[in-house]
Amino acid sequence: MITLGIESTCDESAVALVRNGKEILANCVASQADIHKKYGGVFPEIAAREHIEALLPLIKIAFETARLSEKEIDLIAVAEGPGLMGSLLMGTTAAEALSFAWNKPLVGVNHVDAHLYSAMMEQNTDPIFPCLGLVLSGGHTFLAKMESITHYHILGSSVDDAIGEAFDKVATLLDLSYPGGPEIEQLAVCGNPLRYPLKAGQVKNRPLDFSFSGLKTNALYTIKGYQGKRTGKSLISEADKKDFAASFQKAAFFDIIEKTQKALKSVSCDTIYLGGGVTCNTYLQKLFRDMLPHVKSHFPSKKLCIDNGAMIAGLGFHLFQLQY
């Protein structure tokens, strides 16, 4: 069964063709990162307009890459949320039009659920349940107990900024470009992670929830001064910025590791599947290997960490199987 997957939740237009939920025949992505850099983040209206220009050409490229025609696909899957309203509308409208024109069934997919599935797509064996799921992205941060590919319940989530959003905002304070996560990771390589004694916030009586707003505020006060503004002059040197980037990255990821350890005990499992753009970070991956050596941690490949159509098509296949 071949599924066409369409993703347009934020600033990546993505289209993929996937066989039986796992075999990726084509995975095409058009990023808008260069367009949004001057704004320090995604400009929603521009993002929506760019999807209009990108989606149909991407679909054509995907079919050419897979050497297939629209007659050979069996299903269309589209990300139906969460995300930017205008961007979502572009993807769902395209999917509905193609479903009608080609007489193909259509299934809506939760974008965040698809991130959880992304690490499972590339495994040669079936996922082990129950297990732990962890999403770390620009818009979402949560831990979940997974009972199956399509069923889980939340154990803990961010009460304010998602971890990727926090990285982007701190990157702006450090005069780095968007997207901020890779920029901070690169800057931190030459920094001292023990220079600044930073710590992520704790949520009272909710040990598995996350809070990164305090880290962000600490960054503002350290870099711009107590009453400094985001666009104000930096009070620390370029060398200090390297140390701060390393310290911030360490504090944020140690918090992730500590709460993952607690969640693993409550779930009583030794397997975790991770998804979302932040999981691309090599320092984070090293921490999981070093601090959780007895846990089977499954990270998606880089092409499946970012927003992509393959994860939408893959999970869409399983959702369709449940419906029919």
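**Close-up 1. Ser87, a buried residue of the predicted model.** With a relative accessibility of 0%, Ser87 counts as buried in this predicted model. The residue belongs to helix α3, which spans residues 85–102. Its side chain forms a polar contact with the side chain of His51, at 3.5 Å. Leaving aside residues up to four places away in sequence, Ser87 touches Ser8, Thr9, Cys10, Ala47, Ala48 and His51.

Close-up 2. The strands follow the order β8-β7-β6-β9-β10, and their pairing is mixed. Strands β8 (151–157) and β10 (296–298) each have a single partner strand and stand at the edges, so one side of each lacks a neighbour in the sheet. On average, and with direction ignored, neighbouring strands are turned by 25 degrees against each other. Helix α4 (residues 111–121) packs on this sheet and touches β6, β7, β8, β9 (271–275) and β10. The direction of α4 makes about 120 degrees with that of β9.

**Close-up 3. Pairing of β7 with β8.** These two strands run in the antiparallel sense and are joined over 6 bridges. In one of the pairs, Met146 has Tyr152 of β8 as its bridge partner.

Close-up 4. Helix α5 covers residues 163–173, and its buried residues are Ile163, Gly164, Ala166, Phe167, Val170, Ala171 and Leu173. Just after α5, Asp175 adopts a positive phi of about 65 degrees.

How values were computed. Residues numbered from 1 in each chain as written. Predicted model: local features only at pLDDT ≥ 70, side-chain atom pairs only at ≥ 80, totals over all residues. Heavy atoms only, no water. Buried < 20%, exposed > 50% of the residue type's maximum accessible area, 1.4 Å probe, protein only. Helix = DSSP H or I, 4+ residues; strand = E, 2+ residues; numbered from the N terminus. Polar contact = N/O pair within 3.5 Å; in protein donor to acceptor, adjacent residues only side chain to side chain. Contact = heavy atoms within 4.5 Å. Pairing = 2+ DSSP bridges. Axes fitted to C-alpha atoms, helices over the stretch in contact; angles between N-to-C directions.
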